[in-house]
Amino acid sequence: MSNPNQPPRLSWWELWPMLGWGAFVAYLYAKGRMTLFLRPLYGHLAVGAAAVLLLCFVCGWFVRQRSLKREAEHSHDAHVCGAGPSAWFAVRSLMFLVPIVVGLALPERGLNALAALQRGAGDPAMLAELAAQQQLAETHEEQGYGWTTVLGVAQRLRLPEPQKVGALGFVVRQEKMPPDHFLLVRFQITCCAADASPIAVPVHWPQAHTLESNQWVKVFGQTDPEAKVLVADKVEPTREPSNPYM
Amino acid sequence: MASHVFGPVPSRRLGLSRGDKIKIAILVAMVAAVPAWLVIPWAQRHLEDFFSEARAQVFGQVLIAILLEAFPFVLVGAIVSGLIEVLVPAEKLARLIPKSLPARLAVAPLLGIILPVCECGVVPVVRRLIKKGLPLEMAVVYLLSGPILNPIVLASTVMAFSRTRPWWAMPAARAGLGILIAVAVGLVLFATSRKRPAAMAETAPDSPCGGKSVLVHILHHAANDFLLLGGFLLLGSMIAAAAQVFVPRTVLVSIGQEPFAASAGMMALAFVLNLCSEADAFVAASFVQFTFASKLAFLVLGPMLDIKLVAMYLGALPRRILVIVLLVVPPLVLVLSELVGRILEVAG
């Protein structure tokens, strides 16, 4: 007969995913890697949820310890309900290991050139649509150029007059591309990397063939409104920013 | 009185003292440390090499991104579900059943707001409500629309589509279509049989976890729901991430441009992905190449019908409900999603 006053004891299969996933999210946040996956706002939300998970784990652990103690005290007349968690329950619990292992093994960088090409980087129709959807990005003076985002450069390619601009992005090179051209790309995300859309600007630079895909660069140059290309005066290799997305 | 415990047999029964257990733990740790010392760096190196490859990296990043974004909602849903499971007596709700059919059909979707559970949590609640005398047509309306009208689901839909214009279009269309289709299925069910369903042959035993430690029970149910929903979210995210990596964009775009084919394709995807309604909006939003109508079809069908739900319906509800849901829901979702999509296109 069941004792209605007896609370259920949480098994480790229930407890460990809370600890594992909560700690994993907290680790990503502490290492500043959350921005590789999410917009900053959602990163705060995720870490808040991770804190709740860790709190649940602590509560669950205390409950478990109390139950074990009580069971030990009454082991002579204990009535065991079931034979512990089912195999499916255990498999489901262990599945939480998969994203943790994947997350820890991933390189510390944002989405790459492959994702940019698969999602239509360099597609003029898509670029025109994205550029037209948003307000003209602002610029500030840097090395005599108007420093802006890749989207800002894309928007200025649509202006009739040539503009002196600079922007930060990563290099994407395609096989079909002429050796003196590359795409300067930056992803724009709505919520997370899953919905990221690449903003890509074609760049003309004589030494383009020396660049490798995925290399982050600062490009300074002048827009060519007719060819719809940024003619680079200089290209400076640089490090990937902490938030690789716009 | 015998105490009632859950989980494995206490180790005390094996005759192990605390000291014995510590010694065994130290021994196991020492034995495990040697292979771990060799295996972990090897595995880490190989995994890092594997995920340095472009496709694997994109797969991993999309997978983690979807999970990180969706899991707070799954967690909130699991906690709310635990609260409802422990604190809200379904019997009291059943006493409030209206007498007329229109009133029943009008009230049933509201249960989704009063008892906000997702599609996994709603099945046992509906089963209990049917057993307590809730009319079948009312139960099915709650079953189908409840997971869509759940405030957490609506909030996550708003959040996922917050940067699309107008931001309210997808949540409003999802909620409206959810109610419409659920009521239509309720009417079909009512028209095909006016008899009150016979009591379920199998009666579920009262939860053995019932008791006074309310917080513990809430935590227990929340942990269970989190595991269940998190597992399905993980599977769906893996399939979604694989689809993003391995399905060429040109194929997706061509599917997305054909009106009915796109919606049918997304409905098939919703059926196979088995996503939780608290998280599916983020997955739908990530399919940037697809039409509004096809994403709407994905979001309306998913909480009503997918592989895991078919199994749950089969196990928990009268077969007739499953047959009618299978026959009525998919064609209605397909046609009405396209219709709503066209109307919004015309409205600009």
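Two strands are taken to pair if DSSP finds at least two bridges between them, and helices (H or I, at least four residues) and strands (E, at least two) are themselves DSSP runs, numbered from the N terminus. The structure described here is a predicted model, in which local features need pLDDT of at least 70 and side-chain atom pairs count only at pLDDT 80 or more, while totals for chains, interfaces and linings use all residues. Residues are numbered from 1 along each chain as its sequence is written, and chains are lettered from A and ligands numbered from 1 in the order in which they are written.

Chain A holds seven helices and eight strands. In the hairpin formed by β7(A) and β8(A), four residues lie between the strands, and K228(A) takes a positive phi near 55°. Strand β7 (residues 216–224) of chain A runs antiparallel to β8(A), with eight bridges between them, and F220(A) has K234(A) in β8(A) as its bridge partner. Strand β8 (residues 229–237) of chain A also pairs with strand β6 (residues 197–204) of chain A, here in the parallel sense and over two bridges; in this case V203(A) is partnered by L230(A) of β8(A).

Chain A is divided into domain 1 (12–105) and domain 2 (113–237), with bounds that come from an automatic or database domain assignment. The contact between them (C-beta atoms, placed from the backbone, within 7 Å) takes four residues from domain 1 of chain A and four residues from domain 2 of chain A.

Burial was assigned by counting neighbours: a residue is buried if 20 or more other C-beta atoms lie within 10 Å of its own, exposed if 12 or fewer, and partly exposed in between, with C-beta atoms placed from the backbone. By this count, 42% of the 246 residues of chain A are buried. In chain B, helix α7 (residues 151–160) is mostly covered, with seven of its 10 residues buried, among them I152(B), L154(B) and M159(B). Helix α1(B), by contrast, is hardly covered, since the count of buried residues among its 35 residues is one.

A nonpolar core is a set of buried Ala, Val, Leu, Ile, Met, Phe, Trp, Tyr and Cys residues joined through C-beta atoms within 7 Å. The largest such core has 161 residues, of which V172(A), C192(A) and I66(B) touch the most other members. Its largest share, 17 residues, comes from helix α2 (residues 54–87) of chain B, and at least three residues are drawn from each of domain 1 (12–105) and domain 2 (113–237) of chain A.

Methods:
Two residues are in contact if their C-beta atoms, placed from the backbone, lie within 7 Å.
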